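Hi there,

Here is the structure I promised to pass on to you. Have a look at it first, and then read my notes below.

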Amino acid sequence: MIIAAIRRAVLRLDRNWTSGVLLAAGALLSLAGFSYSKHHEAASVRTHFLAASEDRARAVYRETESSARLLEMITRLAACGRTDVIQTLLDGHRGDRPGRLAAYWISWDGTSGLPAAIRGARRFTSGPAFLGDTEPPWLADAVRRAVRAGRAVTEPASAGPGEELLVFAGPVFDAARRPRGAVLVLSPVADLVESGLRHIQPLGIDFVLEDSGLGGRRLYRHRSRSNTASLTPDGPFTAAIPIVFADRVWTLRASAASAFPTDSNATARWALLAAWLLTSLLIAAVAREVLQRAARVRALVASKGRRLSEVNRLLRLEAQVRREAEQRLNLALDAAGMGIWDWNIPAGRTTASPEIFRIFGLPPAAEFPARDEWFALIHPEDRDRMVRNLERAMESKPAYEAEYRIVRPDGATRWLLSKARLFRDDAGKPVRLLGVNIDITGMREAETALTENQERTRRMFAHATVGSVLTDREGRFAEVSDFACRVTGYTREQLLSMRIMDLLHPDDHERHAQRVAEVLGGAVGGYVAEVRLLRRDGQVVWMRVSVSPAMQDSRCVGIIALWEDVTARKQAEERLAFNSLNDQLTGLPNRTLFCDRLQQALAEAHRAGETVGVIYLDIDAFHAFNETHGQAVGDALLEAIPQHFRHCLRGSDTLARVGGDEFAVVLPHLHQAADAEQVARKLLDAIAAPCRAGSAEFPLTASAGISLFPRHAADAPTLLQHAHTAMSSARRGGRSRCRVFTPELGRALRERVQLEGELRGASERGEIVVHYQPEYDLRDGRLSGFEALARWKHPRHGMVPPDRFIPVAEENGLIVPIGMRVLEEACRHAVAWQRPGCPPLQVAVNVSSVQFFRDDFVDRVLETMERTGLAPDLLQLELTESVVLAGFDGPAAKMARLRDCGVSLVVDDFGTGYSSLSYLTRLPFQGMKIDRSFVRNLHEAAESRAMIQSLVALAHNLNLTVVVEGVERPEELAAVRTLGCDTVQGYLLGRPSADPTRHLEGERRLLLPAESLAYS
């Protein structure tokens, strides 16, 4: 029967081998106990009872310790503000434990009362709310004790009849150890105990949980239905087991009545055997449950471990962010010259930032010098005052601010601004003084200099030529200075018999009288104005007057006025105003005044429904005229041109000079458009007559453009622009021409503007690409290098010809970024072209005059070569003749610097502009490039051959190499080689290409037999 019972018990335990072993052990113990005597039976029962009671005590202890660790973790996470992680931990806690648990976060600013803070507490979880509108006093006491102790406290409390709670209060401090809040976790004691015993049945054992620290107050009681014995300390089976939980000591008192007979008859033994069997089964069940719980605990620990790892990672990240913030703060404080110090009063220790040591001239250290040593650094004259400030702060004032001097160890005196705040503990005792020091020596020196400057100004003003007068309320002079007498021409006696209105210009009477009345009435405290005075001789002088009330016994008795003679300044302003609106050379209105008068004419024409015409004239080839005859002759002609135009214009017309050699005319009140063309033709005929400059006469021609209101535009700037567009079109058609604006001209202008807009940013978008055209040495036929050429790969229009976008880029300055991009790419490719064992290859880059004349051009070229690693002797810059037209000094200095660095300079398109042989000898060029126009039909035209032969001879005599471009036929190649040219390039030898690989492969040379020339 016993074996069958054991077998059934094993089957019910799912054949758990551990439970089976324990069950077998229990059965053996039962058989052994079956033979014990009554005395041994009773002792065994008591022993197992004590063991069962200790198991329950350990279960309660483990549960409470697990809850304590969870609560400490919640406190740390609350200090970091990680409420999301707290929520996750609490959810997991409720998932594997029955019972109730409520967690609260209480925050306060240190001034609000604790009860109000508890009522405003925020609960983390959705568990039961143990706090209502009024909080129990024990809860506030628990929070206060926790904050005062600076650590977490745990204690029981009664929330109501039969509701004993376990209160866990954990304080949360900031970095300065100031309390910023607390974490409250409330859990019924019954829940904790029953959670620990939910897998262990008391089995006839009664127990009571008491708190030893509260005089043995009962926290929980359990009565078994199978035990009816009264709980008495001297009962047959009793046990008192202490449980140390956090800072509390609990006592678990267990008792059970004797359920076994004390005699040795068979019935008692069989009952004892049955009891031992049941105990064995219970032990097996507990063991099985403990193993399962251990497995679940291990899984939970692994899960919590992963969560804690994430929490640790976040905490480390937060610490890193905090360290970086502290570093930035220190940098900001150092930059601002501010130092922070912190005096721990009880410990007598002061810590300070590095800036404090620098301010005091001390070597850096972990701690600042002691109080007496710090007082020794204060200037003797300021030491007592600072001691009193510190004493007052310690007694009553929580903060102070003072400026004082220190004497550094090196003898230097510095001014400091010190601000400090005192902190006290709960008992009102000073515990900490936190302050900041700022070096204000520079500000003090500036204030001293300002005071001295003000004193000098006062002394200068006392001797300055500024007049002062005092008048009564009726405006009669009461006092006058000598300067007032000099500036008006009246004697002192004469002025004292006059009123101030007698000196004012009639046009200023009303305005000045109103302002004076406002000062006398107290409406304003004074004013500054510029007025005109009439001297005794009738001349008008401008005065800057500063008027303020003259007070006596808090009553205004008159005015005080300071006079300053500003006549010279006003005359200068009038001249400047005239010069700002008129041309200084011709006296005609300038562009600003012209546009203003044009706008007025348009307004009148709009109201009257009339037509307004605008004529834009430009002197043909006037720039070349200046170069030929000099600037003085050109200015004399421009000054004489308005006299030629006077008889062609009406009195209502406006003639203006709007540019260097450009004039514009406003023609209001036109009856028809043909009238404007007639006036324009008269103007062109008038300027065609010889103009006299000195004793010589010079014939001139001009081009004119016309725009009309309202046909072509309705605003002044657009009309002027349309007229300029028409003039440009007329000038391209020949000299002394006139053209009226048409929409076609406007479309051409818009296309140019559109092209300019699309060209902006083309380099950054990667639309500007670089193509390379090979250059060959005619002496040995080898490849000598490449010329880098800019190409615009438009996303819609494909390749835009250079002659369309390069002039536009030069006009608006876009050629600068385009040129630098071409230079960058060319240098980078030139480095890649170099091959071991092969002659080095040069790269030639065209440079615009706009780009060359920038101040940083040479620096940017040198930086580009350094960045790309290109040797200077492999870079060749091609400059047009327009670079040297502005003069020799500026270009010569830049060219000399480039030449000294090893960069080669070549004059491009030689002979196509205003060539001057002098600059070839004065500027450091190493070569010249002959334009394609000289090569075309070279083998047929003897003049071209003679021209190139002369240029080659000139260049070689000046030690310059000759490069010929535009060679497209074999006959031209043979001719330039025969004429002694050094280098050649053209479509015959290779078109510009983005990939010059074909020319880099093979022998890199031309086959130059006497009878045939071909590329290999």
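**What I found**

Ser418 is buried, because its relative accessible area is 1% and buried means under 20%. Please keep in mind that this is a predicted model. Ser418 is part of strand E13, which covers residues 413–424. Its side chain makes a polar contact of 3.1 Å with the side chain of Asn437. If you leave out neighbours within four places in sequence, Ser418 touches Trp341, Tyr400, Glu401, Ala402, Tyr404, Val436 and Asn437.

Now for the whole protein. It has 1016 residues, and 43% of them count as buried. You can find 32 helices and 37 strands in it. Among contacts with a separation of 6 or more, 59% are between residues 24 or more positions apart. The protein exposes about 52700 Å², with carbon and sulfur atoms supplying 53% of that.

Next, the nonpolar cores. The largest one has 72 residues, and Leu759, Val843, Val845, Leu875 and Leu877 have the most contacts inside it. Helix H24 (residues 815–833) gives this core its largest share, 10 residues. What does Leu759 touch, leaving aside its neighbours within four places in sequence? Its contacts are Ile768, Trp792, Phe805, Ala809, Leu814 and Ile818. There is also a second, separate core of 34 residues, which includes Phe622, Leu670, Leu683 and Leu708.

Within H17, the residues Leu593, Phe594, Leu598, Ala601, Leu602 and Ala605 are buried. After the helix comes Gly609, which has a positive phi, near 70°.

Finally, the cysteines. A disulfide is a covalent bond between the sulfur atoms of two cysteines. How many disulfides does a search of the whole structure find? The number is zero. Are Cys485 and Cys901 buried or partly exposed? Cys485 is buried, because its relative accessible area of 13% is under 20%. Cys901 counts as partly exposed, because its 32% lies between the 20% and 50% limits.

Enjoy exploring!

Methods: Residues are numbered from 1 along each chain as its sequence is written. This is a predicted model: local features need pLDDT of at least 70, side-chain atom pairs count only at pLDDT 80 or more; totals for chains, interfaces and linings use all residues. Side-chain values use heavy atoms; hydrogens and water are left out. A nonpolar core is a set of buried Ala, Val, Leu, Ile, Met, Phe, Trp, Tyr and Cys residues joined through side-chain atoms within 4.5 Å. Buried means under 20% relative accessible area, exposed over 50%, partly exposed in between (1.4 Å probe, protein chains only). Helices (H or I, at least four residues) and strands (E, at least two) are DSSP runs, numbered from the N terminus. Contact means heavy atoms within 4.5 Å. A disulfide is a pair of cysteine sulfur atoms within 2.5 Å. Accessible areas come from the Shrake-Rupley method with a 1.4 Å probe; for residues, only the protein chains shown count as cover. A polar contact is a pair of N or O atoms within 3.5 Å; within protein, one must be able to donate a hydrogen and the other to accept it, and residues adjacent in sequence count only if both atoms are side-chain atoms.
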